[in-house]
Amino acid sequence: MTYPTIMPALTLDFQNSQQLDPRVTFSRSSSATYTNSAGQVASAADHEARFDHDGNGECLGLLIEKSRTNLIEYSQDFTQSYWTKNSVTIAVASVLAPDGTNTATQVTDSVENLFVGEVYVDGAYISNYPVANIPENKWNRYSTSFTFSSGTTFVMVTRGSGTMRRSVDAVLTAGTYTYSVYAYRSGTDLYVWGAQLEEDFPSSYIPTSGSTVTRSADIAQVTTADIYGDEFTIINTPFGVSSGGPTLHLQGHPHVERAAVYNEYLSQEQINTVTGVDEFWRWRVFGSSWEIKPKMDGSVTVDWGDGTTESLSNNVLVNHTFTNGSGYHEVGFRLDSGSWLGLNMNYSGAAASREKVVAVGPMPANMVTSGGYMYNYASNITAWDANLVHRSNHSLLRTYSGLTSLKSFPFTVLGSLVTNFDQVFLNCSNLNSFPLIDTSSIDGFGRTWEGCGSLTSFPHINTSLGEKFNNCWYNCASLTSFPLLDTSSATNFQQAWRNCSGLTSFPLLDTSSGTNFIGTWRNCNSLPSFPLIDTSSGTDFKEAWMDCNSLTSFPQIDTSSGVNFYFTWYDCSSLTSFPLIDTSSGTNFREAWRNCTSLTSFPLIDTSSATDLGTTWYNCSSLTSFPLIDTSGVPSFSYTWAYCSALTSFPLLNTSSCGYFGNAWQHCTNLANFPANFFDTTGTITDSNAFKKTFTGCALTAQSIENILVSLDTNGASGITLHINQGTNAAQSSWSTAANTALTNLQTKGWTVNYNP
């Protein structure tokens, strides 16, 4: 094994020092408990760091926990009617409680056949701890984890022939919970204290007295100025993780013993030497049993951490019941022969096992080089300290996908083997920071940080080889800014920053190779402006800036290669003007500027290739005029200018290919002037609804109505329904002779014309 030849730039030894380094900033906006060196449950004040201890008084390090709520309203006073008692006697005990106070409760049952921590869900027994099995004259905390479904009944019971219970189904939602209680035995007498019900795995005790109580999250961080540079490796012991950048965020599960930062990228062998990794890949799980389905091409030994070991078989499900009961267990996997080991937890029925995984330790070097990997598992994992590669195509595909409790990421070196980062951190919704890791060999970033909604910033990682960024930061709604990454090799930006609704600025990225901009900045609704990026290669701009409703202007980007503009600026409701971009290649403009309600004018864009203008300027309610664009190839004007309520006149467009005008100018409530000869020569009109509600709700003058009716009569089509009614359209009583003659002619041809009388 190789040890680093350089000294750490930063060392934080919490276990031995039992104090905070002055460079560490710590906060927690509530009090919290921990176990002190005397073995008692002690209380720490707001913003006071906790140094936890085991039963032997040995320090476990800095206690770092996320926010939790004790759903039990009376956690110590069991005399309250909140707890229902049946055939049991309870009394304040002479035995001191775990916190050294006289608050323990003695529970007596006439049969002396007591259980503590018994749990029933919907009447089905889950677990209990017989009093006879509880060590005498020693407080222990007993925990039971279970899954609750809406509508079931959960009861905590201390019982012999009688019971002391609490039904709490009314305050639970579907999910995984843990019930914990302290118990003490003296002869046949049972003492209880400190009941706690919380989501996920057990955390430190939260006292309550009449209502639920929430403990705030522990936050420990270090400002890293002058400590380390762009290249660094963070190593935590044992299962804690850290992430770096301008600020080093310390995370643990639940303790951080030691954190060290080196001013260069260390190899996995060096990392394993520092952390003392042996031949086993260690996992931390919680519960009384755990099910796994390993994959391998050789032989693997599992050390269950309870004194038992066994050999695993390829793709064979194994369910182990721990001999030392519930609680935390450190399970190790050793690759004895073969070239790779995989722990697949994405099979049918794996959800319960995924929920039990809370931490993963460093991977032994032989597994890294052979191809040890993890695949799409464990929504509760909070701690990482391994350098992993996927055995196929050297990727980390979906390795951390769905890890909703993962809060930070420690890797600083991935090595040249890893080339694909697709979906690696997909839906890690609690990931709030990310380190400046070495991604110089990565060419694929598809969906990499999609759904990482807690990220508030992003580092300047090396993305120079990245060819695809589709969905990369989709739904990263907490990002307020973005770094100037190297995206010069990228062709696919589809939905890359979609729903990044917190972005208030965007850099001038190199997008010169980009062809696919589908939905790229959709719903970036806090962006007030946009840079003049190079989109000269872009062919598909579907939904690219849809719902960017804070943009007040737009740059004259190069869209000369753009074919598809479907929904491109839909709902950009703050745009007051629009540039004369090159749309000469554009064919599909359906709903492109729909609901751009602040546009007061529109340029003479090149629509000579356009084949779809359906609903294109729908509800552009501030447009007062419209240019003479080329519509010679457009077959339909369905809803194209509907609800453009500020239009007062309209130009003589080319309708030679158009056979459908349904709803085209519906509710253009100020449209008074419409040109003559507009419909003289159109495409073939066969649909009887081709003019349905076309001019409903307009303000057409008698002359404009004459222009429309005469032109339609000239067209020669028959059997069509025309709506030219409602709104302030001129009534028939004011029509000219020519208009009435055209009406009669149309009716003779089978037209149905609806008009204001």
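Colleague: Which residue in E12 is the bridge partner of Phe115?

Modeller: Keep in mind that this is a predicted model. E11 covers residues 115–121 and E12 covers residues 124–130, and the two strands pair in the antiparallel sense over five bridges. Within E12, the bridge partner of Phe115 is Pro130.

Colleague: Which residue in the hairpin of E11 and E12 takes a positive phi?

Modeller: The hairpin has two residues between the strands. The positive phi, near 55 degrees, belongs to Asp122.

Colleague: Is strand E11 largely enclosed or exposed?

Modeller: Buried here means under 20% relative accessible area. Six of the seven residues of E11 are buried, so the rest of the structure leaves this strand largely enclosed.

Colleague: In the open sheet that contains E6, what is the order of the strands?

Modeller: E5 and E23 are the edge strands, as each pairs on one side only. E5 and E6 run antiparallel and are joined by three bridges, with Asp52 opposite Gly61 in E6. The sheet has three strands with antiparallel pairing, in the order E5-E6-E23.

Colleague: Is Asn56 buried or exposed?

Modeller: Asn56 sits in the loop between strand E5 (51–53) and strand E6 (59–63). Its C-alpha atom is separated by 8.5 Å from that of Ala38, a residue 18 places away along the chain. Exposed means over 50% relative accessible area. With a relative accessibility of 69%, Asn56 counts as exposed.

Colleague: How many salt bridges does a search of the whole structure find, and which residues are linked in a network?

Modeller: The search of the whole structure gives 19 salt bridges. The residues linked in a network of such bridges are Arg28, Arg50, Glu65, Arg215 and Asp218.

Colleague: In the salt bridge of Asp200 with Lys66, which residue is partly exposed?

Modeller: The closest N and O atoms of this pair are 3.3 Å apart. Asp200 lies in the loop between E17 and E18 and Lys66 in the loop between E6 and E7, 134 residues apart. At 15% relative accessibility, Asp200 counts as buried. The partly exposed residue, with a relative accessible area of 26%, is Lys66.

Colleague: How many residues apart in sequence are the parts tied together by Glu543 and Arg522?

Modeller: The side chains of Glu543 and Arg522 form a salt bridge of 2.9 Å, N to O. Glu543 is buried at 13% relative accessibility, and Arg522 is buried at 18%. Each of the two lies in the loop between E33 and H5, so the parts this pair ties together are apart in sequence by 21 residues.

Colleague: Which residues touch the most other members of the largest nonpolar core?

Modeller: The largest nonpolar core has 100 residues. H5, strand E34 (721–724) and helix H6 (737–748) each supply at least two residues of this core. A second, separate core of 32 residues includes Tyr74, Tyr129, Phe146 and Met156. In the largest core, those touching the most other members are Trp449, Trp473, Trp497, Trp545, Trp593, Trp617 and Trp665.

Colleague: What does Trp593 touch, leaving out residues up to four places away in sequence?

Modeller: Contact means heavy atoms within 4.5 Å. On that basis Trp593 touches Trp569, Phe578, Leu599, Phe602, Ile605, Thr616, Trp617, Tyr618 and Cys620.

Colleague: Which residues make the nonpolar surface patch of about 310 Å²?

Modeller: One member, Leu532, is in the loop between strand E33 (373–375) and helix H5 (702–715). Leu532 is exposed, with a relative accessible area of 53%. The patch is made by Leu484, Leu508 and Leu532.

Conventions
Residues are numbered from 1 along each chain as its sequence is written. This is a predicted model: local features need pLDDT of at least 70, side-chain atom pairs count only at pLDDT 80 or more; totals for chains, interfaces and linings use all residues. Side-chain values use heavy atoms; hydrogens and water are left out. Patches are made of residues with over 30% relative accessible area and no salt bridge: like charges are joined within 9 Å, nonpolar side chains (Val, Leu, Ile, Met, Phe, Trp, Tyr) within 5 Å. Accessible areas come from the Shrake-Rupley method with a 1.4 Å probe; for residues, only the protein chains shown count as cover. A salt bridge is a side-chain nitrogen of Lys or Arg within 4 Å of a carboxyl oxygen of Asp or Glu. Helices (H or I, at least four residues) and strands (E, at least two) are DSSP runs, numbered from the N terminus. Buried means under 20% relative accessible area, exposed over 50%, partly exposed in between (1.4 Å probe, protein chains only). A nonpolar core is a set of buried Ala, Val, Leu, Ile, Met, Phe, Trp, Tyr and Cys residues joined through side-chain atoms within 4.5 Å. Two strands pair if DSSP finds at least two bridges between them.
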